[in-house]
Each structure stands twice: as C-alpha cells, then as structure tokens.
Amino acid sequence: MSNHFIREVIVTTQSPEGLPHIAPMGVWEEDGLVTLAPFRPSRTLDNVLARSVAVVNACDDVRIFAGCLTGRHDWPLIAGETRGTLRLRDAVSHQELQLERVDEDEQRPKLRCRVMREEAHRPFLGFNRARAAVLECAILASRLHMLPADKIRAELLYLTIAIQKTAGPTEREAWGWLLEKIEAHLADAETAPR
C-alpha cells in the first residue's frame, strides 16, 4: 500500500440520511493531506464520497477497534464543529477532514483530505503490550478471509503472550470478542467442504 507512517484510528462518517458509521482504519499523511484508503465496497468510502467529510479519531480504548470488527458499533458519538461530522465522545484527539480529491483505484481508492479542525481532549498515556496485541489481533480478524488457518493460529499464539502478561479488564474484554470471531471462522473453515 504505502511506506508511510500509518496510524491506526477510528474513522467516523455519516450516510446521506445521517446514519453514523464507525470503522477502524489505517491512515497516513502525505503532502499535507490525510489519506484514507478504504477497500471497496465500504460504507466509509460511500459516506465520504457522498458527504465529503470524515473524522479521524485517535483513541486508546481498544474495545472500539475490536467491537467494530465483531458487530459492536454502538459507541457514543457527538457532533464535530465541521458541518456533517461526528466524533467519538471518548477520543483522545480528533481531526475533522474535508475531502480534497480522490485518487481512483479499482480496489482501494485513496481519499485525500484536508484537516479542517484538530483537537486534543485528554492526555494520551500510551499503549501497553496488551493494547498493541489487541490492535494486531483486530487487524488479523479483518483479514481472516485472506490467511491460511495455520498462519492465523501462529499469530494468535504469539499475541496471547502479551495478553496473558499485561492485559487489564478492558483489553481482556476486547480480546475475548476477537477470539470468538476468529475461532468461529476457524471452525467454519474446518467444516467447509473441500
């Protein structure tokens, strides 16, 4: 994709009808613009193309990343200052974006966005190993359809070490959600006709 510094964030958008959408995504900055590159099909892509705005939320609650990948989308949102934007209520910081241009691609167009407003809400105290492991597991869970079962199991085995050593209740909850999804996928893969 790119050799840029990619930040794992939560992107919040609204549909033309005003329905909120929350999605984890890697974003990066290039030439003074924030780049979102959602895969097709994507509600985030549809919403940004329709409304020309989005919000990038930096957050330290890894349950939001895990929740979005496991069907838990009900996280508190509040209106941003830029018209048509919503941000996570509990974000550490956020950037309100305006779409400048689209670099078309059949699989993954790049949405180049200008930062209209940026605000920090509270100090970011950092990630511990368990939070980093949950983020990696969330990325793994988003790619299950692309990976062989032995690779998935090997990744889980390694990530489990950090959970066992450094997770608190929040990280354990997020980890549990992701494990349920991954284990269901592996069970389905084992019973699928070959």
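Q: What do the buried residues of helix 1 pack against?
A: The buried residues of helix 1 pack against strand 1, strand 2, strand 4 (53–58), strand 7 (93–103) and strand 8 (110–120). Contact means heavy atoms within 4.5 Å. Helices (H or I, at least four residues) and strands (E, at least two) are DSSP runs, numbered from the N terminus.

Q: What kind of model is this, and how are residues numbered?
A: The model is predicted: local features need pLDDT of at least 70, side-chain atom pairs count only at pLDDT 80 or more, and totals for chains, interfaces and linings use all residues. Residues are numbered from 1 along each chain as its sequence is written, and side-chain values use heavy atoms, with hydrogens and water left out.

Q: Which residues of helix 1 are buried?
A: T44, L45, N47 and V48. Buried means under 20% relative accessible area, exposed over 50%, and partly exposed in between (1.4 Å probe, protein chains only).

Q: What caps the N-terminal end?
A: S42 does, with a side-chain oxygen 3.2 Å from the backbone nitrogen of T44.

Q: And what follows helix 1?
A: S52, with a positive phi near 65°. S52 lies in the loop between helix 1 and strand 4. S52 is partly exposed, at 24% relative accessible area.

Q: Which other non-glycine has a positive phi, of about 55°?
A: D31. D31 sits in the loop between strand 2 and strand 3. At 71% relative accessibility, D31 is exposed.

Q: Where is the cis peptide bond?
A: Between R40 and P41, with omega about -15°. P41 is in the loop between strand 3 (33–36) and helix 1. Most peptide bonds are trans.

Q: How many residues line the largest pocket, and which lie nearest its centre?
A: There are 34 lining residues, and P24, M25, F39, L69 and S142 lie nearest the centre.

Q: Which elements give two or more residues to that lining?
A: Strand 2 (20–30), helix 1 (43–51), helix 2 (62–69) and helix 3 (129–141). Strand 2 gives the most, with six residues.

Q: What about the lining by class?
A: The largest pocket has 19 nonpolar, nine polar and six charged lining residues. Ala, Val, Leu, Ile, Met, Phe, Trp, Tyr, Cys and Pro count as nonpolar, Asp, Glu, Lys and Arg as charged, and the others, Gly among them, as polar.

Q: How much space is in the second largest pocket, and what lines it?
A: About 180 Å³. F5, I6, R7, E8, V9, A58, C59, V92, F124 and F127 line the second largest pocket. Strand 1 (residues 7–14) gives the most, with three residues. By class, that lining has eight nonpolar, no polar and two charged residues.

Q: How many cavities of 30 Å³ or more turn up?
A: A search of the whole structure finds one. The largest cavity holds about 30 Å³ of space. I64, W75, P76, L88, R89, D90 and A91 line the largest cavity. Five are nonpolar, none polar and two charged.

Q: Which side chains make polar contacts with the side chain of H94?
A: Those of E96 (2.8 Å) and H121 (2.7 Å). A polar contact is a pair of N or O atoms within 3.5 Å; within protein, one must be able to donate a hydrogen and the other to accept it, and residues adjacent in sequence count only if both atoms are side-chain atoms.

Technical notes. On a 1 Å grid over the protein atoms alone, a cavity is a set of points where a 1.4 Å probe fits but cannot get out, and a pocket is an open set with protein on both sides within 12 Å along at least five of seven lines; lining residues have an atom within 4 Å of a point. Grid points are joined across faces, edges and corners, and a volume is the space filled by probe spheres set on the points.
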